[in-house]
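Dear colleague,

Please find below the sequence and structure that I am handing over to you. My findings follow directly after them.

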Amino acid sequence: YQRRVREMRAELISNPPLAGSFTPKTNEICAAIFPVDNNWYRAKVVKVHRDTGLYDVLFIDYGNQANNVSTVAPIAHQYSSPAGAATECQLAFIVPPEDEEWAADSMREVGSLLNNKLILKTVAKIAGVDQVSVSAGGTDLATHLLSNGLVEFEKQKNRTRYGTLMSKYEAAMTDARKNRRNRFRYGDFTSDDAKEFGYSK
């Protein structure tokens, strides 16, 4: 696919699209400029901002996302395959924080562990998305985030299949509550409680 992406990029550089000539829909595959290096890559439209004419896109060969992208182009048929090299996945049954500051703290904590050797294991598949456990240098990422009071988890009824994982998650979250880490610093707050009482970090 890398050869085809290079060919696509060369074609778009030599014949750039006219501004506003292409208006992709959500989930449509297209080409988009990655704002960090200003190069063209294959992308999927995640969200269309109709009020601004900008797009949130997911770069399907790398898995990173860019928001409020203005430069997109239709992708020629010969460049639409193979499928994206990146595979969508998420930490198994982890509920990301809705509060922007908590989310930023969680991402910083994840980033601090990514220099370690990563071991990924698929636990389940929900709505076509792999639910995975990730070990970073021997540290289970989800358990680490839970024990630091940075995320929550969705309890699973199938204890036969997920009982061991749920027990680990419950112990980690109990530890965060007991030691009042991050979201629990003012008490036993969950995301639902935060919404009800108007609490944020």
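I begin with the cap of a helix. Aspartate 99 caps helix 2 at its N-terminal end, where one of its side-chain oxygens lies 3.0 Å from the backbone nitrogen of glutamate 101. A polar contact here is a pair of N or O atoms within 3.5 Å; within protein, one must be able to donate a hydrogen and the other to accept it, and residues adjacent in sequence count only if both atoms are side-chain atoms. Helices (H or I, at least four residues) and strands (E, at least two) are DSSP runs, numbered from the N terminus.

Please note that this is a predicted model, in which local features need pLDDT of at least 70 and side-chain atom pairs count only at pLDDT 80 or more, while totals for chains, interfaces and linings use all residues. Residues are numbered from 1 along each chain as its sequence is written, and side-chain values use heavy atoms, with hydrogens and water left out.

Helix 2 itself comprises residues 100–113; its 14 residues reach 20 Å from the first C-alpha to the last, close to the 20 Å expected at 1.5 Å a residue (the expected span is 1.5 Å times one less than the number of residues). Trp102, Asp105, Ser106, Val110 and Leu113 of helix 2 are buried. They are on the same side of helix 2 because they cover an arc of only 135° around the axis, the arc being that of the directions from the helix axis to the C-beta atoms. Exposed residues Glu100, Met107 and Arg108 are carried by the face of helix 2 turned away from the buried side. Buried means under 20% relative accessible area, exposed over 50%, and partly exposed in between (1.4 Å probe, protein chains only).

Five strands form an open sheet in the order 4-3-2-1-5, with antiparallel pairing; two strands pair if DSSP finds at least two bridges between them. Its edge strands are strand 4 (65–69) and strand 5 (72–73), each of which pairs on one side only.

Strand 1 (residues 29–34) pairs with strand 2 (residues 39–49) in the antiparallel sense over 6 bridges. Along this pair, isoleucine 29 stands opposite lysine 44, and phenylalanine 34 has asparagine 39 as its bridge partner. The two strands form a hairpin with 4 residues between them, and asparagine 38 in the turn has a positive phi of about 60°. Strand 1 also pairs with strand 5, over 2 bridges and in the antiparallel sense; there, valine 72 is the bridge partner of alanine 32.

On its other pairing, strand 2 meets strand 3 (residues 54–59) over 6 antiparallel bridges, with lysine 47 and aspartate 56 as bridge partners. The hairpin of strand 2 and strand 3 has 4 residues between the strands, and glycine 53 takes a positive phi near 75° in it.

Phenylalanine 93, although not a glycine, has a positive phi of about 65°. It lies in the loop between strand 6 (89–91) and strand 7 (94–95), and phenylalanine 93 counts as buried because its relative accessibility is 4%. Asparagine 182, also not a glycine, has a positive phi of about 50°. The loop between helix 4 (159–178) and helix 5 (191–197) holds asparagine 182, which is partly exposed at a relative accessible area of 23%.

Yours sincerely
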